[in-house]
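Please examine the sequence and the structure shown here before reading the report.

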Amino acid sequence: MSSAFVIRVALPADAESVTELLAASCPVLMAGAYDEAALKVALPAMTRAKSELLSSGTFYVAEADDGELAGCGGWTRERPGTGETNPRLAHIRHFATQPKWIGRGVGQALCNRCEEDARAAGISRFECHASLNAQGFYQALGFDTLRRFELAMGNGSSLPSILMQREL
Ligand SMILES: CC(C)(COP(=O)(O)OP(=O)(O)OC[C@H]1O[C@@H](n2cnc3c(N)ncnc32)[C@H](O)[C@@H]1OP(=O)(O)O)[C@@H](O)C(=O)NCCC(=O)NCCS
């Protein structure tokens, strides 16, 4: 199996591979934190690559040396759901690691790249709507937990989530 990867900016042409990655990662890695009914309503939206992210220039993929995607994730100035913006604040978006790449630094490397580019763009704080299973990951990366909340999924349902923040 491939052991090296590079982080690069995602492109609209990555849509299919990012969707495949999300579909391989989220159902498996979120299963310990949510029941089947919650995942059934949340996963369709969570496992589809978002075209606005793929064309944002601030969404990245970790590409393994065999060409397979090991992970994805990025940041936007717009808050997901509302689109509102605050100067110097950015939102962590759509992080996922391919199950066979878990625990090998892919998420960390993606977050480092987010931090580097966001700082250069004048951002001083990250906010994250973390799924329950990802709280430990973001905590390891220096994020603080603010509160638990219900994340609206846009189809009338909601998913228990955690609001987290980190100063850059
Ligand atoms: C969350 C996720 C992206 C982590 O990816 P990863 O590539 O395995 O993370 P890394 O290997 O870079 O880990 C970085 C650090 O986080 C820690 N970490 C990772 N996952 C963790 C978890 N579930 N619980 C506690 N700590 C965790 C690692 O131990 C490591 O810490 P260390 O540097 O002190 O050793 C991955 O589990 C995933 O894709 N989950 C499903 C999708 C998801 O929930 N995405 C987030 C939506 S908000």
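The report below describes helices and individual residues in turn.

## Basis of the report

The structure is a predicted model.

## Helix α1

Helix α1 comprises residues 15-30. It has 16 residues, and the distance from its first C-alpha to its last is 22 Å, close to the 22 Å expected at 1.5 Å a residue. Its buried residues are Val 18, Leu 21, Leu 22, Ser 25 and Met 30. Viewed down the axis of α1, these buried residues fall within an arc of 100 degrees, so they line one face of the helix.

The buried residues of α1 pack against several elements, namely α2, α3 (51-54), β2, β3, β4 and β5 (125-131). On the other side of α1, the exposed residues are Glu 16 and Val 28.

## The packing of α1 and α2

Two packed helices are described by the angle between their axes and the distance between the axes. For helix α1 and helix α2 (residues 36-46), the angle is about 155 degrees and the axes are 10 Å apart. This angle makes α1 roughly antiparallel to α2, because angles over 145 degrees count as such. The crossing of the two helices, α1 and α2, is right-handed.

Residues from both helices take part in this contact. From α1, Leu 22, Cys 26, Pro 27 and Met 30 meet Leu 39, Leu 43 and Met 46 of α2. Two of these α1 residues, Leu 22 and Met 30, are also among the buried residues of that helix.

## The loop between α1 and α2

Gly 32 is located in the loop between α1 and α2. This glycine, Gly 32, counts as exposed because it has 8 C-beta neighbours inside 10 Å, and the cut-off for an exposed residue is 12 or fewer. Between Gly 32 and Thr 145 the separation is 113 residues in sequence and 20 Å in space, C-alpha to C-alpha.

## Helix α4

Helix α4 spans residues 106-120 and so has 15 residues. From its first C-alpha to its last, α4 reaches 22 Å, close to the 21 Å expected at 1.5 Å a residue. Val 106, Gly 107, Leu 110, Cys 111, Cys 114 and Ala 118 are the buried residues of α4. Seen down the helix axis, the buried residues of α4 fall within an arc of 130 degrees, and therefore they line one face of the helix.

This buried set in α4 packs against β1 (5-9), β2 (59-64), β3 (69-76), β4 (89-97) and α5 (135-140). The face of α4 turned away from the buried side carries the exposed residues Glu 116, Arg 119 and Ala 120. After α4 comes Gly 122, which has a positive phi, near 90 degrees.

Arg 88 is a residue other than glycine with a positive phi, near 75 degrees. Its position is in the loop between β3 and β4. Arg 88 counts as exposed because it has 12 C-beta neighbours inside 10 Å.

His 94, likewise a residue other than glycine, has a positive phi near 45 degrees. It lies in strand β4. Is His 94 buried or exposed? His 94 is buried, because 21 other C-beta atoms lie within 10 Å, and the cut-off for a buried residue is 20 or more.

Notes
Residues numbered from 1 in each chain as written. Predicted model: local features only at pLDDT ≥ 70, side-chain atom pairs only at ≥ 80, totals over all residues. Helix = DSSP H or I, 4+ residues; strand = E, 2+ residues; numbered from the N terminus. Expected span 1.5 Å × (residues − 1). Arc of directions from axis to C-beta. Contact = placed C-beta atoms within 7 Å. Axes fitted to C-alpha atoms, helices over the stretch in contact; angles between N-to-C directions. Parallel < 35°, antiparallel > 145°, perpendicular 65-115°, else oblique. Left-handed = near helix turned anticlockwise from the far one by under 90°.
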